[in-house]
Each structure stands twice: as C-alpha cells, then as structure tokens.
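Dear colleague,

Please find the structure below, together with its sequence.

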Amino acid sequence: MAQRELTPFPELIRKKRDGEQLSVLEIRDFVQGVKYKTIQEGQIGAMLMAIWQKGMLAEETLALTKEMMMSGEVMSWPSQWKGLVVDKHSTGGVGDKVSLVLAPALAACGCKVPMISGRGLAHTGGTLDKLESIPGLNVCQPGEQLQRILQEVGCCIVGQTENLVPADKVMYALRDATSTVDSLPLITGSIMSKKGAESLSALVLDVKFGKAALYQDLSSAKKLAQSLVSVGNSLGIHTGAVLSRMNCPIGRCVGNSLEVIESLECLKGRGPDDILELVTLLGGVLLLMTGCAASLEDGKKVIAGTLRNGKALEKFRNMMIGQGVAVQAAASLCSDNADYYSVLRRALHQTDLETECPGTVLDIDGVVIAKVLQRLGAGRSKVGQTINHSVGAELLVFLGQQVEKGQPWLRVHYETPALSAEQRVSLQRALTLGSADQLHTPPLVAEVIIP
C-alpha cells in the first residue's frame with residue numbers, strides 16, 4: 001500500500017495561523033512529529049501560538065486529545081473493574097488538598113481510583129509534593145505495583161510515567177515557554193489525554209475561578225468546563241464538572257506537611273466545612289455517574305459516611321503502606337489523637353501575625369499567602385526545584401469572624417530563608433477587615449454540570 005504523503009509542517013502552521021481547520025490526519029502528523037522529534041521546537045512553538053490565537057473547533061480539540069492520548073501507553077484494567085474506575089481532576093488552587101481525602105473515600109465506596117497527579121509549579125506544592133512530605137511514600141509506582149495496590153486497597157496516587165502521553169510532556173513545557181498555557185484547546189488536550197490514557201469509567205472535574213485560579217470569572221471557567229466535559233464524554237468517559245470559587249485558601253492550611261495534617265483531620269471526620277463540601281459533592285457526582293448512587297444527594301451522603309465511620313481513613317492508611325510508608329508510621333498518623341510531628345517534619349520556626357485593627361474578616365487573599373510561601377520554599381519557580389515540605393501557614397481566623405486588635409490570625413511555619421519584614425507587610429495585606437454589613441460570601445460552588 002502506498003504511504004500517505006505528509007503535509008509539510010510549515011503548511012500546517014500557515015493553515016492554523018490563517019484560521020483554517022486542521023483535518024484529523026494533519027493533527028495526527030503534528031502530534032507524531034512532536035513525539036518522534038521530527039519537527040523543530042520552534043515549529044512546535046509556532047503551532048502552539050497559532051492554536052492560542054485562532055483556537056480550534058470542537059472536532060479539532062477532540063482529535064488533538066485522541067492523538068495525544070494514543071501517543072503513549074493506554075492503561076488496561078481487569079474486566080471485573082468495569083464501571084468502577086474513576087478519577088478527579090482539579091484545575092488547582094491554594095490549599096487544595098481535596099484529592100488526598102476524596103481518593104480513599106471513593107475506594108471505601110468500592111471504586112478503583114488510579115489518581116495520576118502532578119507536582120506544583122509556582123504557589124505551593126502539587127498533590128505529589130504533599131504526599132512526599134510523608135516519609136517513605138513513593139509516588140513512582142510501576143504499572144504492576146499500581147494494579148496490585150488498586151486490587152488490595154482501591155486507590156493509589158502516583159506521578160505520570162514516562163510512557164503515558166509523551167507528546168504532552170513536550171507540549172506542556174513549550175506552552176510554558178511560549179506563553180500559551182491559557183489556550184482552551186491546549187488545556188483540554190493536556191488534561192483529557194492523560195485521563196483518557198487512564199481508561200476511566202467516570203471523571204469529575206473541579207474547575208476553579210476567582211483571584212487564585214487560572215480563570216478569574218465564571219463565564220471563562222464554564223467554557224473550559226464545557227470543553228473538558230464534551231471531550232471526556234466523546235472519549236467514552238462519563239464526565240461531569242463542578243465550578244467552584246477560588247479566592248480564599250481551601251481549608252485552614254497551606255503548605256505540604258500542614259495540608260497532609262489537615263487531610264488526615266478530614267479523614268477523621270474533623271475537617272473544615274469547605275473541604276467537606278467539595279469532597280462530598282465531587283464524590284457524589286462520581287457515584288451518581290457510575291450508578292453507585294441513585295441521586296446526587298445519596299452519593300454525597302455515602303461519601304460523608306466514609307469520613308464519619310473511619311473507612312476512608314483506613315483506605316488512606318493502607319494506601320500509604322502500599323506506597324512504601326512504614327506500618328508503624330502510617331498507624332501513628334491515622335491514630336485518633338496523633339502526634340503528627342512524630343512522623344512529619346515540623347518547621348524550625350513559627351511566627352504568628354496579629355490583626356492591626358478590630359473588625360469582621362471580609363477576605364483572605366490566598367494568592368498573596370501562596371506567593372510568600374513560595375519564596376519561603378513551599379513551592380517552585382522552575383521544574384525540578386526542591387521544596388521544603390515543612391514550610392506553610394495556618395489560618396487562625398475564618399470569613400465572617402469578629403476579631404479584636406492584636407489577635408493572632410495567621411501562623412507562618414518557616415526555616416531558611418527567614419520571614420522578612422517585607423513579607424510580613426505583604427501577608428498583612430492579604431487580610432481584609434471591615435464592618436459586618438460589608439460581608440459578602442457567595443456559595444463555594446457556583447454550578448454543577450452532570451451529563
């Protein structure tokens with residue numbers, strides 16, 4: 001059979017630059033060129049910029065996602081898991097430790113959760129960084145070990161393997177270098193190619209908007225959510241989305257070790273209301289889509305039940321052990337009155353910031369806190385940089401609370417570098433106080449999209 005002649009790559013760039021539609025075969029040529037390095041980095045960057053400027057039609061975005069997904073290994077699961085393999089993806093936020101609570105809660109409901117997560121860039125750490133603050137926990141698991149942990153425990157949180165969606169790794173790095181990160185088709189392709197390669201039955205997306213999110217407003221976030229949901233369902237994955245606000249930090253803790261502690265408190269039924277709301281809603285959507293719950297409300301109740309009865313906590317303990325944590329350390333972290341710092345590292349220094357006047361807490365700017373913590377070592381400014389898991393901050397007040405002048409409102413955990421006078425001033429600006437009649441707290445969740 002005669003081999004198909006490839007379209008010259010400059011011609012593909014020109015077509016997209018001029019706003020023309022690329023065919024499935026042309027998109028395949030592009031992705032294969034990225035994978036096999038048969039096209040220059042500068043040409044890939046030019047194509048990414050053309051896509052950023054001109055966009056893609058829904059069928060182009062779906063083709064891009066499929067080709068990226070097929071550029072590497074596609075996972076396969078035992079037939080008896082049919083309909084039970086689920087995952088969740090968040091577009092990210094300050095203090096977002098929902099995955100650490102949700103994965104074991106879903107496993108306690110009989111689901112299989114092969115959660116493939118990432119590391120943080122900017123602000124604070126990603127899900128993998130949080131988990132790596134637990135001594136011994138290994139987020140790099142070969143396929144057969146991942147399957148064994150899923151069989152025995154039901155959930156596993158790991159990093160992306162070399163063979164999973166290799167085309168995305170190249171494109172992701174170049175998107176950062178070419179300022180094309182915020183392109184709707186490119187975000188959709190990156191997220192959904194990885195989720196498609198997991199061979200999921202159902203996926204729920206937590207798409208955030210607000211000051212501390214990629215998209216500031218609800219309408220932009222909704223466009224992304226609809227693109228992700230549309231592509232997911234076209235790939236044969238039951239896909240739903242939750243649109244949630246991201247202004248203040250989620251929960252009371254920001255920073256890797258501190259967020260693990262707060263996650264464990266949630267798994268012991270003692271977590272903050274906002275984390276509980278997100279965990280039960282996202283889990284409820286997944287249970288509804290897989291047919292494990294008759295309604296969304298039933299699904300939310302089942303998830304909440306696993307946090308109250310200790311079954312989710314037990315799954316988390318067994319997941320830690322399965323991923324390399326010593327049995328005694330896992331048991332200690334999961335005990336009812338745990339001394340967390342007997343296992344986790346505590347920062348050498350803690351400093352409390354105090355309120356400068358009396359009033360009602362109107363706002364706590366999560367971005368400001370996260371940026372200071374990044375400079376103190378809790379996050380990265382470039383890929384591969386080491387982070388200090390002990391650095392973080394605890395909120396000592398909540399929205400709507402009446403405070404007096406001189407009341408501690410934020411506890412900063414730090415080592416080297418030390419907390420500077422300039423950083424103290426920045427952090428004080430993160431807190432907005434005023435009169436109670438100025439308080440406006442819209443609901444955490446703006447909308448739920450269920451197919």
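In what order do the four strands form an open sheet? The order is β6-β9-β11-β7, and the pairing is antiparallel. Strands here are DSSP runs of E with at least two residues, while helices are runs of H or I with at least four residues, and both are numbered from the N terminus. Two strands count as paired if DSSP finds at least two bridges between them.

Before going further, please note that this is a predicted model, in which local features need pLDDT of at least 70 and side-chain atom pairs count only at pLDDT 80 or more, whereas totals for chains, interfaces and linings use all residues. Residues are numbered from 1 along each chain as its sequence is written, and side-chain values use heavy atoms, with hydrogens and water left out.

To return to the sheet, its edge strands are β6 (253-254) and β7 (349-354), each of which pairs on one side only. Six bridges join β7 to β11 (residues 408-414) in the antiparallel sense. Leucine 353 has leucine 410 in β11 as its bridge partner. In general, strands of a sheet pair through backbone hydrogen bonds.

The largest nonpolar core has 141 residues. Such a core is a set of buried Ala, Val, Leu, Ile, Met, Phe, Trp, Tyr and Cys residues joined through side-chain atoms within 4.5 Å; buried means under 20% relative accessible area, exposed over 50%, and partly exposed in between, with a 1.4 Å probe and protein chains only. Helix α12 (residues 273-289) gives the largest share of this core, nine residues. Phe30 and Ile134 have the most contacts inside the core.

Leaving aside neighbours within four places in sequence, phenylalanine 30 is in contact (heavy atoms within 4.5 Å) with residues including Phe9, Ile39 and Met171. Both phenylalanine 9 and phenylalanine 30 are buried.

Two other residues deserve a look. Tryptophan 81 is found in the loop between α4 (58-69) and β1 (86-90). This tryptophan counts as buried because its relative accessible area is 4%. Not counting residues up to four places away in sequence, tryptophan 81 touches Lys112, Gln147, Leu150 and Gln151.

Threonine 306 lies in helix α13 (residues 296-308) and is also buried, with a relative accessible area of 4%. Beyond residues up to four places away in sequence, threonine 306 touches Ala105, Ala108, Cys109, Lys311 and Ala312.

With kind regards
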